[in-house]
Amino acid sequence: MFLIVPNLIDLKMCSSLIDTHQKNINLVRNWRNTHPLLCKPSKEIENIFTRFFPHQYVQRMEIVKWPTNSFQAKHYDEDQIGGDSSGLASITYLNDDYEGGQTCIVDEKLCVNPKIGTTFFFDGKKYEHEVKPITDGIRYTLALWYSNDPNCRMDNHVNVDRHCGVYSV
């Protein structure tokens with residue numbers, strides 16, 4: 001199952017999420033060659049992203065900065081901390097003023113080109129996927145992983161004080 005939703009979030013929300021990352025740079029961790037900021041989703045974010053999939057809950061949310069030359073090698077997603085992931089994951093492009101950075105499903109020969117506000121939903125545990133190298137500029141994405149167990153919601157197990165969303169930072 002793959003779902004590509006253009007303009008799922010508007011430019012204002014994309015900018016707000018990038019600003020949240022930039023304002024919280026001291027809380028960003030380095031992971032491989034990227035810089036994710038772990039956040040609790042605002043209620044607005046949760047509602048926007050779960051409306052296509054009833055009984056799915058945001059288990060983990062990261063705003064990720066991808067500098068030039070960063071990439072993600074082919075991989076399958078694993079269960080997130082706090083419980084079983086359903087496998088559902090989504091990547092939302094918060095900007096598109098860079099080169100490269102396509103999200104690709106390896107065996108399906110499917111690559112999603114970055115377009116601001118577009119969200120790509122897929123089963124990350126079922127489908128091997130990768131991010132092509134960013135060859136110029138900086139890529140920002142909103143990465144979400146989901147669970148079908150309400151007890152695995154991010155609010156229930158992650159000790160994060162900051163809420164990330166349009167109006168609740």
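Strands here are DSSP runs of E with at least two residues, numbered from the N terminus. The model is predicted, so to speak of local features takes a pLDDT of at least 70 and side-chain atom pairs count only at pLDDT 80 or more, while totals for chains, interfaces and linings use all residues. Residues are numbered from 1 along each chain as its sequence is written, and side-chain values use heavy atoms, with hydrogens and water left out.

Take the pockets to begin with. On a 1 Å grid over the protein atoms alone, a pocket is an open set of points where a 1.4 Å probe fits, with protein on both sides within 12 Å along at least five of seven lines; its lining residues have an atom within 4 Å of a point. The largest pocket comes to about 600 Å³, a volume being the space filled by probe spheres set on points joined across faces, edges and corners. Its lining holds 28 residues, with Trp31, Gln72, His75, Asp77 and Trp145 nearest the centre. At least two lining residues come from each of E4 (57-66), E5 (72-75), E6 (88-93), E11 (129-131) and E13 (139-147). E13 gives the most, five residues.

Now for a sheet. Four strands, in the order E5-E11-E8-E9, make up an open antiparallel sheet, where two strands pair if DSSP finds at least two bridges between them. E5 and E9 (110-112) sit at the edges with a single partner strand each, so one side of each has no neighbour in the sheet. E8 (103-105) pairs with E9 over three bridges, in the antiparallel sense, and isoleucine 105 stands opposite leucine 110 in E9.
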